[in-house]
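Here are my notes from going through the coordinates, in numbered points. Have the model open as you read.

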Amino acid sequence: MTDYHEAWEALPPEARDIHRAITSLKEEVEAVDWYHQRVVMCTDPQLKKILEHNRDEEIEHAVMTLEWLRRNMPKWDENLRTYLFTEGDITEIEDGADGEASGGSDLGSDLGIGKPKSK
């Protein structure tokens with residue numbers, strides 16, 4: 001295994017499994033892209049149906065892996081709950097979620113003292 005930033009032997013089993021999941025997720029998403037490109041360019045109706053089926057299977061695999069990550073890394077869970085199945089501008093969701101998803105305190109951006117009130 002060569003794509004590690006830390007020594008493989010030093011990583012605890014949980015970190016190794018998370019790496020396996022993230023690597024698999026990347027591979028599944030890449031496969032979705034490849035199949036999708038083939039689908040949109042395919043001229044044979046039967047082959048197109050097969051390629052669509054293959055693409056959709058890869059989406060299923062990616063989503064299953066994403067769910068495993070959600071269950072095993074709290075920040076995945078927090079962010080997926082914030083952004084998935086929402087309406088409106090995705091970039092504005094963060095503004096409404098600041099502090100809420102982390103229990104009311106986002107020490108990284110406001111030192112835990114909140115945002116100034118508008119006049």
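This is a predicted model: local features need pLDDT of at least 70, side-chain atom pairs count only at pLDDT 80 or more; totals for chains, interfaces and linings use all residues.

**Notes on the model**

1. Let me start with the rings: there is one aromatic pair in the structure. The partners are tyrosine 4 and tryptophan 8, with ring centres 4.6 Å apart and planes at 50°, a tilted arrangement. A pair of this sort is described by the distance of the centres and the angle of the planes.

2. Now the overall layout. The protein has five helices and zero strands, so to speak in plain order, α-α-α-α-α along the sequence. Of its 119 residues, 23% are buried.

3. How do α1 and α2 sit against each other? Helix α1 covers residues 13–41 and helix α2 covers residues 45–72; their axes come within 8 Å and cross at roughly 160°. Angles over 145 degrees count as roughly antiparallel, which is therefore the label for α1 and α2. The crossing of α1 past α2 is left-handed. Sorted by class, the residues in this contact are 15 nonpolar, five polar and seven charged.

4. Glutamate 30 belongs to helix α1. With a relative accessibility of 42%, glutamate 30 falls in the partly exposed class.

5. The segment before α1 has a pair of its own to check. Aspartate 3 lies in that segment, and its C-alpha is 9.5 Å from that of threonine 23, 20 residues away in sequence. Aspartate 3 is partly exposed, at 42% relative accessibility.

6. Next, α2 against α3. Their axes are 5 Å apart and the packing angle is about 115°. That makes α2 and α3 roughly perpendicular to each other, given that the class runs from 65 to 115 degrees. Here, too, the handedness can be stated: α2 passes α3 in a left-handed crossing. For anyone comparing notes, two packed helices are described by the angle between their axes and the distance between the axes.

7. Which residues of α3 are buried? They are Asp77, Leu80 and Thr82. The threonine 82 side chain reaches the backbone oxygen of glutamate 78 at 2.9 Å. On spacing in general, an α-helix has 3.6 residues a turn, so residues three or four places apart point the same way.

8. Where does phenylalanine 85 lie? Phenylalanine 85 is in the loop between α3 and α4, the latter being residues 90–97. Its phi is positive, about 60°, although phenylalanine 85 is not a glycine. Most residues other than glycine have a negative phi, and most peptide bonds are trans. Is the phenylalanine 85 residue buried or exposed? At a relative accessible area of 84%, phenylalanine 85 is exposed, because the exposed class begins over 50%.

How values were computed:
Residues are numbered from 1 along each chain as its sequence is written. Side-chain values use heavy atoms; hydrogens and water are left out. Axes are lines fitted to C-alpha atoms, for helices over the stretch in contact, and angles run from 0 to 180 degrees between N-to-C directions. Helices (H or I, at least four residues) and strands (E, at least two) are DSSP runs, numbered from the N terminus. Angles under 35 degrees count as roughly parallel, over 145 as roughly antiparallel, 65 to 115 as roughly perpendicular and the rest as oblique. A crossing is left-handed if the near helix is turned anticlockwise from the far one by less than a right angle, and right-handed if clockwise. Ala, Val, Leu, Ile, Met, Phe, Trp, Tyr, Cys and Pro count as nonpolar, Asp, Glu, Lys and Arg as charged, and the others, Gly among them, as polar. A polar contact is a pair of N or O atoms within 3.5 Å; within protein, one must be able to donate a hydrogen and the other to accept it, and residues adjacent in sequence count only if both atoms are side-chain atoms. Rings of Phe, Tyr and Trp (its six-membered ring) pair if their centres lie within 6.5 Å; planes under 30 degrees apart count as stacked, over 60 as edge-to-face and the rest as tilted. Buried means under 20% relative accessible area, exposed over 50%, partly exposed in between (1.4 Å probe, protein chains only).
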